[in-house]
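Look at it first, then read on.

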Amino acid sequence: MRKNKRKILIVDDSELNRSLLADMLEEDFEIVEAENGVEAIRILHERELEISLVLLDIVMPQMDGFGVLSMMNRTGWIKTVPVIMISAESGGMYIDRAYDLGAIDYISRPFDERTVKHRVACNFMLGARQKEMSELLTRQIYQKEKDNSLMIEILSHIVEFRNGESGLHVLHVNYITQLVLEQLVSMTDKYKLTPQDIRVISNASALHDIGKITIPSEILNKPGRFTPEEFEIMKKHTLEGAKMLGDIPYRKDEELVKIGYQICRWHHERYDGRGYPDGLVGDEIPIAAQAVSLADVYDALTSKRVYKDAYAPETAVKMILRGECGTFNPLLLDCLRELAPKLEKELHLVSLGNASEEKIQDSVKHILKGSRSDASARSIRLLERERQKFRYLSDLTGEIVFEYTSVPETLLLSERGAQTLGLPMRIDDPQNNAEWHSVFSKDDFNRLLESMRSASAISPVITSMFQLTFGGERKWTKIVAKTMWGDSESPEFEGAIGKIMDVNDETVTMRNLEKKAEVDERTGLYNNDTAKLKIEKLLAEAGGRRFALAMFDIDDFKQANDKYGHLFGNKVLAAVADRIRANIRSTDIAARMGGDEFVIFMEYQDSVLPQTKRIFKRLTEKYCEFDVGISMGVACSEDASDYETLFLMADTAMYSVKRDKKNGFAFYDKSMKGTLKQQN
Amino acid sequence: MTVKEVYSEVGGNYEDVISRLRTDERVARFLAKVASDGSFVLLEKSFSEKNTEEAFRAAHTIKGVCMNLSLTKLYDSSARLTEILRGRTAFGDDLSALFEEVKKDYLHTVECINKLN
């Protein structure tokens, strides 16, 4: 008894008051203390299900008692955790307000030991009783379901073992029946079947052959064909089974018994009226019996029997659809057609043992959901609690964790995350929320949503890079999210959880490195290799556009180096690079090929002459005391369409300038062809 | 001094407290806590900083404690201080006289509590 004491949360800013109350109550309860509202909320967050009762002061720093009550209303804790207000405030208004907010009782100061103990004990018992009741309900439902399905399984296995079949037949029929009916409901509302009905029918399907227990085993297990007399005896298993269920003295009105009767009696009827025992036609045959009949035939075809081998699922479906194994409701045949791939894939996964536990859990869930009882509210709360734990943990690690719900559209951020991003923890309507867009631009956020929606339940995780604005900077972040999907046949996107990682420093370093590899360090222009790639790309996509490749080197650069020193030489190279950059378009390409040799690749409209002149003029302006002279050769994409040839042509033209007089430019023309070949 | 003597010395109601808290031992234990409680220090500090909101809470706490322990005299003065501070934002000269009274009652009460045997 002692070790299992219930917990009471005492919330009061005065340590003395808390210990006075604790002193009075600790004999019977375990005491948890909080010195203000915020702490109380935190404790409730973490230990909601442990706390049996709250004693709550009104006037407190940080968050007062009314604040705590409002919060408890918002989270729903107020429904399960009783709150007794404690305060010296005796004004009627205070009491009214506390009652309005869901407090169940009120103790005013000064504390009287008997009053405190009595009120706490009474209210505690009320709350505890409620919790126990709902736990009891869950347990009882579980037990009942478990007993039910256990009994059915035992019964049907007796039949099957006597029948020389594996125990799997019952499970298969059960599963197929369920699938067929679910499919049927999704295709038509002709048969009013609730999930509960489907559950009962598929459970009762296990009983379809219990009548066989009355059939002599020589007939039952006869390997060859039945004689007409034997067949008449065999056919009786339908009526015998129905009789067994009909003769049950009590509980005749149980749904399971009623449905079981239908299934036993009529699972060998045919839609065209040529079945047995009653020759019912069409929907005279209850839908439960129709579904089980189809399931029975499908599983019999696909299983090995004493008198036959197993057919492949595909063949079995074809045989049934062609009417080789009886006639069925066309709607059910449609269902079978739809389900065929699923049956082929999943039926062998249904095995003894594991099926039932899942089913029981499932039906407990269903029943609880249907009755809207406290117990299901409780499991929802348990989930909620897990979620809170997760958030709390993520706060500890300081990551930006988010949770996105699509309907109603909201975005929740972890506490630390909200702090880091400078946003509130809850963002409503994020697609149209200006505050949110100030961090995560609308376009980017839409891109993220799109990529989440295009994930799937099977591969739910997405990873993407986005630039967000926070802490006064635009930073690279990596977003990893697990998308959440509904559990229907075609799952819908429900939301996602994920985290946003600040990878700005790494990314910037990476991008710089990438850039560095492309760029000539001295001048910041592209290097040889990059220029080649970029120019080839432009040429390949040129279409009707015209380009010129200009190549030049600096005249007498070596002498300048010798005369003024290497440092000066470097400065000249940098200055030339700057001049190039200043005089070409951003879409043009400029590169230093090595040494004092440069290449410019530029687009032109009618004639390349004017811009060549202009660039040449700019490049040959004096730098410090050095007269910059260049020899430039130009080749146009009309002359050749590939980089190598253009390069050689420009090179040839450049050498013609050098040979002549230096400090000038020349266009490649056909007369230079000879020299080109020579160089080749 | 016995618990009863302390109560008569500081102007408290011994009969009332003992009817609620049941034993001398428990009352003595909680009186000791009054002496070590930080609320008065907080009250003094908030007065020197002219922080009326914090002063209200400190006075309110003292009042609550006194009520629980039936320390009637200190309860009266702290209750009056609490009421005058309630909902107030501006600091005023009218507060200091009341504060001095609470201070006097408080120090006297603590002095007697410290004489408990």
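Residues are numbered from 1 along each chain as its sequence is written, and chains are lettered from A and ligands numbered from 1 in the order in which they are written.

Reader: Which element of chain A has the highest mean pLDDT?

Author: pLDDT is the predictor's confidence in each residue, from 0 to 100. Chain A averages 82, and 83% of its residues score at least 70. Helices (H or I, at least four residues) and strands (E, at least two) are DSSP runs, numbered from the N terminus. Among the elements of chain A, helix H26 (residues 673-679) has the lowest mean, 49, and the highest, 93, belongs to helix H12 (residues 287-302).

Reader: Over which residues of chain A does pLDDT stay under 50?

Author: Where pLDDT is low, the predicted coordinates should not be read in detail. Two residues are in contact if their C-beta atoms, placed from the backbone, lie within 7 Å. The model has twelve contacts beyond four places in sequence for the stretch in question, residues 370-377 of chain A.

Reader: Which strands stand at the edges of the parallel sheet in chain A?

Author: Two strands pair if DSSP finds at least two bridges between them. Five strands form this open sheet, in the order S2-S1-S3-S4-S5. Each edge strand has a single partner, so one side of each is left without a neighbour in the sheet. The edges are strand S2 (30-34) and strand S5 (105-108) of chain A.

Reader: What is the bridge partner of A:Ile10 in S3(A)?

Author: Strand S1 (residues 7-11) and strand S3 (residues 51-57) of chain A run parallel, joined by five bridges. In S3(A), A:Ile10 is partnered by A:Leu55.

Reader: In what order do the strands of the mixed sheet in chain A come?

Author: Strands S13 (589-594) and S16 (664-667) of chain A each have a single partner strand, so they stand at the edges. Eight bridges join strand S12 (residues 546-554) to strand S14 (residues 597-604) of chain A, and this pair runs antiparallel. A:Phe552 stands opposite A:Phe598 in S14(A). The open sheet has five strands, in the order S13-S14-S12-S15-S16.

Reader: At what angle to S15(A) does helix H25 of chain A run?

Author: Axes are lines fitted to C-alpha atoms, for helices over the stretch in contact, and angles run from 0 to 180 degrees between N-to-C directions. Helix H25 (residues 643-660) of chain A lies across S12, strand S15 (630-636) and S16 of chain A. Its angle to S15(A) is about 145°.

Reader: Which element gives the most to the side of chain B that touches chain A?

Author: Chain B has seven helices and zero strands. In all, 18 residues of chain B are in contact with 16 residues of chain A. H2, helix H3 (24-36) and helix H5 (52-69) of chain B each give two or more residues to that side. The most, eight residues, come from H5(B).

Methods:
Predicted model: local features only at pLDDT ≥ 70, side-chain atom pairs only at ≥ 80, totals over all residues.
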